[in-house]
Amino acid sequence: WQGKFTASGVRYDDRKLTAAHASLPMGSRVRVTVADTGRSVVVTINDRPGTRRRIIDLSRAAAAELGIVARGIARVALTPT
């Protein structure tokens, strides 16, 4: 997906702390916290997910901050900032 345009009109950059969410407004910021570790990161919503099976899709940088890149998915909580 690197370099492709997101739903917000900006190019996707997997090195930035961004995420895709089905209903949150573009540009909104949300804290994502991993349930079993308590690690959290604040991301900016800039895209819509390709599926509605997950609550949020994180950029690689955001997933790395949370320590979940290898797992691929994790149970998270979202908190507005």
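## Strands, then salt bridges

Select strand 1 (residues 18-21) together with strand 3 (residues 40-47): the two pair in the parallel sense, over three bridges. To see one of the contacts, pick Thr18, whose bridge partner in strand 3 is Thr44.

Click on Val32 and look across to strand 3, where Val41 is its bridge partner. Next, follow the hairpin of strand 2 and strand 3 through the five residues between the strands and stop at Gly38, which has a positive phi near 80°.

Now colour by confidence. This is a predicted model, and the mean pLDDT of the protein chain is 94, with 100% of its residues at 70 or more. Where is confidence lowest, and where is it highest? Strand 4 (residues 56-58) is lowest at a mean of 95, while strand 2 is highest at 98.

Side chains of opposite charge can pair when their charged atoms come close. With a cut-off of 4 Å between a side-chain nitrogen of Lys or Arg and a carboxyl oxygen of Asp or Glu, the count here is three salt bridges.

**Asp13 and Arg15.** Select this pair and you'll find the closest N and O atoms 2.9 Å apart. Show the surface as well: are the two residues buried or exposed? Asp13 counts as buried because its relative accessibility is 14%, under the 20% cut-off. Arg15 is exposed, with a relative accessible area of 64%.

**Asp36 and Arg71.** Go back to the loop between strand 2 and strand 3. Asp36 forms a salt bridge with Arg71, and the closest N and O atoms are 3.5 Å apart. This pair links distant parts of the chain, 35 residues apart: Asp36 is in the loop between strand 2 and strand 3, and Arg71 is in the loop between helix 1 (60-66) and strand 5 (76-80). On the surface, Asp36 is exposed at 57% relative accessible area, whereas Arg71 is partly exposed at 42%.

**Arg54 and Asp57.** For the last stop, select this salt bridge, where the closest N and O atoms are 3.2 Å apart. Arg54 counts as partly exposed at 42% relative accessibility, and Asp57 is also partly exposed, at 22%.

Terms used: Residues are numbered from 1 along each chain as its sequence is written. Side-chain values use heavy atoms; hydrogens and water are left out. Two strands pair if DSSP finds at least two bridges between them. Helices (H or I, at least four residues) and strands (E, at least two) are DSSP runs, numbered from the N terminus. pLDDT is the predictor's confidence in each residue, from 0 to 100. Buried means under 20% relative accessible area, exposed over 50%, partly exposed in between (1.4 Å probe, protein chains only).
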